[in-house]
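Biologist: I'd like to learn how to read a few features off a model. Can you walk me through them?

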Amino acid sequence: MAIVKAAPEKLAHVKTEFDRMFDRFFREPFFGMERFAPVMETAWAPPLDFAETEKEYLIRLEVPGIPKENLDVGLENNILTLSGRREFHKEEKAEQYIWQEREEGRFVRSLRLPTPVLEDKIEAMVEDGVLLVHLPKVESAKKSKILVK
C-alpha cells in the first residue's frame with residue numbers, strides 16, 4: 001500500500017465541510033430550548049471580530065452583498081445584537097445549480113459586552129462588505145493603573 005500525501009487545499013475543504021455540518025447540527029432547536037428558537041432559525045452566521053482598545057470596543061462583521069437597509073444593530077441589557085438578511089436572485093429556469101456555497105437568508109449574532117458602553121455614542125457603518133461598530137466605553141469601564149503604596 002502506497003502512502004499518499006494529502007493536498008493542503010483538500011484538507012481545508014474537508015475542514016470547512018465539517019464546520020458547516022456542526023454549525024447546522026447545533027443550530028437546530030433541542031428539547032426545552034424553545035426560547036432560543038428565533039435565534040436558532042437563522043440560516044447562517046457571518047464571521048465577526050470583537051476587539052478592544054483603551055476607549056472602545058470594535059466589532060467587524062463580514063456582510064458582503066447585504067445592503068445597509070437590511071442590517072440592524074441593537075443593544076439591550078449589555079447584549080449587542082447584530083442581525084440582517086442576505087438574498088440572492090433566484091435561479092433562472094434555464095439554469096440549475098450544480099454546486100452552491102453562497103449562504104443566504106436571515107442571520108442573528110449576539111454578544112455580551114464585558115463592560116457597559118455609551119449607548120448614545122454607538123456608531124455603525126458598512127464599508128467594503130464589513131459592518132464596523134464602534135462601542136465607546138463608559139469612563140468607569142476604562143482600564144486604569146492603580147499605584148500601589
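Predicted model: local features only at pLDDT ≥ 70, side-chain atom pairs only at ≥ 80, totals over all residues.

Modeller: Arg86 is buried but forms no salt bridge; Glu103, the nearest side chain of opposite charge, is 5.5 Å away.

Biologist: Which backbone oxygen does the side chain of Arg86 reach?

Modeller: That of Pro64, at 3.0 Å. Arg86 sits in strand 4, and leaving out residues up to four places away in sequence, its contacts include Trp44, Pro64, Gly65, Ile66 and Glu103.

Biologist: Now the core. How many residues does the largest nonpolar core have?

Modeller: The general idea is that in soluble globular proteins, nonpolar side chains tend to be buried together. Here the largest nonpolar core has 17 residues. Those with the most contacts inside it are Ile59, Leu61, Val63, Leu82, Phe107, Leu131 and Leu135. Strands 2, 4, 5 and 7 each supply at least two residues of this core.

Biologist: What is Leu131 in contact with, beyond its neighbours within four places in sequence?

Modeller: Among them are Ile59, Leu61, Val63, Leu82 and Met125, and Arg60 is on the list too.

Biologist: And the backbone? Which phi does Asn77 have?

Modeller: A positive one, about 55°, although Asn77 is not a glycine. Asn77 lies in the loop between strands 3 and 4 and is exposed, at 65% relative accessible area. Asp128 also has a positive phi of about 55° without being a glycine. Its loop joins strand 6 (123-127) and strand 7 (130-136), and Asp128 is exposed, with 74% relative accessibility.

Terms used. Residues numbered from 1 in each chain as written. Heavy atoms only, no water. Helix = DSSP H or I, 4+ residues; strand = E, 2+ residues; numbered from the N terminus. Buried < 20%, exposed > 50% of the residue type's maximum accessible area, 1.4 Å probe, protein only. Core = buried A, V, L, I, M, F, W, Y, C linked by side-chain atoms within 4.5 Å. Contact = heavy atoms within 4.5 Å. Lys, Arg positive; Asp, Glu negative; His and termini not counted. Salt bridge = Lys/Arg side-chain N within 4 Å of Asp/Glu carboxyl O. Polar contact = N/O pair within 3.5 Å; in protein donor to acceptor, adjacent residues only side chain to side chain.
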